[in-house]
Structures are given as C-alpha cells and as structure tokens.
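Biologist: I'm new to this one, so could you show me the structure and then walk me through its charged side chains?

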Amino acid sequence: ASVTLSLDHDYKVVSQSYPARLRISLREVRRTFSTDDESGPDSGSDWQGDNFLTKLVPKTSQYTVPAPFRRENSPLSEFDVTYLSETLRITRGTGAGQELRIFQRAPYAEEVWGMDEVYPTTD
C-alpha cells in the first residue's frame with residue numbers, strides 16, 4: 001500500500017532581491033491511498049486487494065487547514081530561494097536551524113490533479 005500527500009500552500013513574496021524570500025502557509029492537504037495492486041481503481045477489479053483492513057481506508061481525502069493554524073504572518077514560515085528551475089527548487093529556512101530543503105516537482109503532477117495550480121496571496 002502507498003499514501004500520497006499533496007500540500008497546497010498560499011505564498012507571499014517578502015523580498016525579490018537575491019536570494020528571494022517567500023512566506024508560505026499551508027492551506028490544504030490532499031491524500032490518496034492505493035495498494036500494490038497494479039490494476040487500479042478503474043479496472044473493475046477489487047483495487048484495494050484482499051486485505052479487509054485496506055478496504056476500510058477511503059481512497060482519497062481532503063483537509064482544509066483552519067485560518068488560525070496557517071501561520072500566515074509568522075517569520076517561521078519564511079525561506080530563501082537559492083535556486084529555482086521548472087523541476088527543482090532549493091531553499092534555506094530563515095530560522096535558527098537554517099535547514100536546507102530540496103524539492104523536485106513530480107513529472108505527473110498535472111496528470112494527477114488536472115493542472116499545476118499556484119495560489120498566491122494578495123494583500
């Protein structure tokens with residue numbers, strides 16, 4: 001079985017000078033569940049396999065993060081973008097740990113959700 005999480009964020013550009021600084025806030029989480037059965041949910045077969053426990057798990061779910069928990073104006077949600085391409089983003093946190101984050105865009109994102117959506121915030 002596998003679980004895929006898609007995290008939708010709102011973002012605001014804090015600084016455009018290099019390195020660009022962004023502030024993000026988590027807006028929504030989408031989850032999909034599948035088993036190792038290669039036939040898939042549209043094949044007409046029992047896509048959740050023979051395990052009765054996997055049949056109890058919904059194949060998709062979606063959760064919206066309530067506004068008070070989004071940390072929209074927190075400096076903890078800021079990061080510097082040090083490299084950006086169509087498929088790769090390298091960022092560094094601005095907090096005490098200055099964690100390094102490397103994100104690679106999934107090549108199938110448009111196929112899974114229909115389009116690659118971006119949700120900028122407006123002030």
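Modeller: Asp 8, Asp 10, Arg 27, Glu 28 and Arg 30 are linked in a network of salt bridges, a salt bridge being a side-chain nitrogen of Lys or Arg within 4 Å of a carboxyl oxygen of Asp or Glu. This is a predicted model, in which local features need pLDDT of at least 70 and side-chain atom pairs count only at pLDDT 80 or more, while totals for chains, interfaces and linings use all residues. Residues are numbered from 1 along each chain as its sequence is written, and side-chain values use heavy atoms, with hydrogens and water left out.

Biologist: How many salt bridges does the count come to by this rule?

Modeller: The count comes to eight salt bridges.

Biologist: What does Arg 30 form a salt bridge with?

Modeller: Arg 30 pairs with Asp 8, their closest N and O atoms being 2.6 Å apart. Arg 30 lies in strand β2 (residues 20–34) and Asp 8 in strand β1 (residues 2–15), so the pair ties together parts that are 22 residues apart in sequence; strands here are DSSP runs (E, at least two residues), numbered from the N terminus.

Biologist: Is Arg 30 buried or exposed?

Modeller: Arg 30 counts as buried at 11% relative accessibility, and Asp 8 is buried too, at 12%. Buried means under 20% relative accessible area, exposed over 50%, and partly exposed in between (1.4 Å probe, protein chains only).

Biologist: Changing topic, which residue does Glu 99 meet in a salt bridge?

Modeller: Glu 99 meets Arg 101, at 2.4 Å from N to O. Glu 99 is partly exposed at 34% relative accessibility, and Arg 101 is partly exposed at 24%.

Notes: Helix = DSSP H or I, 4+ residues; strand = E, 2+ residues; numbered from the N terminus.
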